[in-house]
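Morning, everyone. Please have the sequence and the model open on your screens. I'll keep this brisk.

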Amino acid sequence: MYDYDLLVVGSANADLVIGVERRPGAGETVLGTDLAVHPGGKGANQAVAAARLGARTALLARVGDDAYGRLLLDSQRAAGVDTVGVLVGGAPTGVALITVDPSGDNSIVVSPGANGRLTPADVRAAASLFHASRVVSTQLEIPLETVAEVVRHLADGSRFVLNPSPPQPLPADILAACDPLIVNEHEARVILGDAAVGDSPEDWARILLAKGPRSVVVTLGAEGALVASAEGVARVPSVAVDAVDTTGAGDAFTAALAWRLGAGATLAEAAAYAARVGAAAVTREGAQESFPTAAEVEAL
């Protein structure tokens, strides 16, 4: 019996957002809108998204002993996430400085802060969380050596889900544990490196699968997703919605897919549900505040 449907190991950031008419050039100052501060980070986003859907969720992360850290802890607890694994101190909370122009394009500078201090030793100290979790999900906004330690601490029978964002080449032991590896087009091309990737998502998925993951999911935005495993390759459609803001939609997709896989769904079934969750998330502004409940997904 598992205590948690999903353990998320990853980043927690404060997103500091300012609207600008245009981004400044070198040596230039421009005026912007009032500063808006939101809880973010791919790990924290995934944990909130899963908990909103009803998954019993825990987060292993590190934040600073500061106001942004308290903001992130409060947002996790409000969503129903167990924060017993959230470590406090060692560095300031990670921060993303985001400017958004009138067209919606953004520029982001990230200070990893405490996220960069989530160490393999922290993973080893949290061994009981891994033994209590049916599925473990992570990303690459924490050190790669920490992700490798996560793989080494997976409980027998648990499942490992990785969204390699921001992307970088992955060692064979991490790739071999992924079930699935979840990528968009950009992430797929970085991980494949010099491999001949072809022009279609089906090509990327097959080549990625040959590199060792047990399964692969390629997200395709409004077109849904593509799933690939030893059983074959298949497209999974999304639902048509009027998109308002795509921030955090990928995190909502990953969290939903990981949870449904742990509940016994097939890869295609889990991806289809996750596509609906991602579609619901883009109909509202923001990241965590846009994540739907299970009832809202069913009503979509």
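First, a caution. This is a predicted model.

Let's start with the rings. How many aromatic pairs does the structure hold? One. The partners are Trp-259 and Tyr-273. Their arrangement is edge-to-face. The centres are 6.3 Å apart, and the planes make an angle of 65°. That angle is why we say edge-to-face: the label needs over 60 degrees.

Now find the two on the chain. Trp-259 is in helix α9, residues 249-262. Tyr-273 is in helix α10, residues 267-281.

The cut-off for buried is under 20%.

Next, look at Arg-260. Arg-260 lies over the face of Trp-259, 4.8 Å from the ring centre. The charged end of Arg-260 also sits over the ring of Tyr-273, at 5.6 Å from the centre.

Zoom out to the helices. How do α9 and α10 pack? The angle is about 145°, and the axes are 8 Å apart. The crossing is right-handed. On the α9 side, the contact includes Ala-252, Phe-253, Ala-256 and Leu-257, along with Trp-259 and Arg-260. On the α10 side, Leu-267, Ala-270, Tyr-273, Ala-274 and Gly-278 are among the residues involved. By class, this contact has 15 nonpolar residues, one polar and one charged.

Let's move to helix α5, residues 144-152. Which residues are buried there? They are Thr-146, Val-147, Ala-148, Glu-149, Val-150 and Val-151. And what covers them? The cover includes strands β1, β8 and β9, and helices α3, α4 and α6.

Now the prolines. Most peptide bonds are trans. Here are two that are cis. One runs from Ser-165 to Pro-166, with omega near -5°. Pro-166 lies in the loop between β9 and α6. The other runs from Asp-179 to Pro-180, with omega near 10°. Pro-180 lies in strand β10, residues 178-183.

Pro-171 also has its place in the loop between β9 and α6. At 31% relative accessibility, Pro-171 counts as partly exposed. From Pro-171 to Glu-187 is 16 residues along the chain, and their C-alpha atoms are separated by 15 Å.

Go on to Ile-191, in helix α7, residues 185-192. Ile-191 counts as buried, because its relative accessibility is 8%. What is Ile-191 in contact with, leaving aside neighbours within four places in sequence? Pro-164, Gln-168, Leu-170, Val-183, Leu-208 and Lys-211. Ile-191 and Pro-167 are 24 residues apart in sequence, and 6.8 Å apart C-alpha to C-alpha.

One last stop: Gly-90. Gly-90 lies in the loop between β5 and β6. Its relative accessible area is 67%, so Gly-90 is exposed. Take Ala-51, 39 residues away along the chain. The C-alpha atoms of Gly-90 and Ala-51 are separated by 27 Å.

Notes: Residues are numbered from 1 along each chain as its sequence is written. This is a predicted model: local features need pLDDT of at least 70, side-chain atom pairs count only at pLDDT 80 or more; totals for chains, interfaces and linings use all residues. Side-chain values use heavy atoms; hydrogens and water are left out. Rings of Phe, Tyr and Trp (its six-membered ring) pair if their centres lie within 6.5 Å; planes under 30 degrees apart count as stacked, over 60 as edge-to-face and the rest as tilted. Helices (H or I, at least four residues) and strands (E, at least two) are DSSP runs, numbered from the N terminus. A charge sits over a ring if NZ of Lys or CZ of Arg is within 6 Å of the ring centre and within 35 degrees of the ring normal. Axes are lines fitted to C-alpha atoms, for helices over the stretch in contact, and angles run from 0 to 180 degrees between N-to-C directions. A crossing is left-handed if the near helix is turned anticlockwise from the far one by less than a right angle, and right-handed if clockwise. Contact means heavy atoms within 4.5 Å. Ala, Val, Leu, Ile, Met, Phe, Trp, Tyr, Cys and Pro count as nonpolar, Asp, Glu, Lys and Arg as charged, and the others, Gly among them, as polar. Buried means under 20% relative accessible area, exposed over 50%, partly exposed in between (1.4 Å probe, protein chains only).
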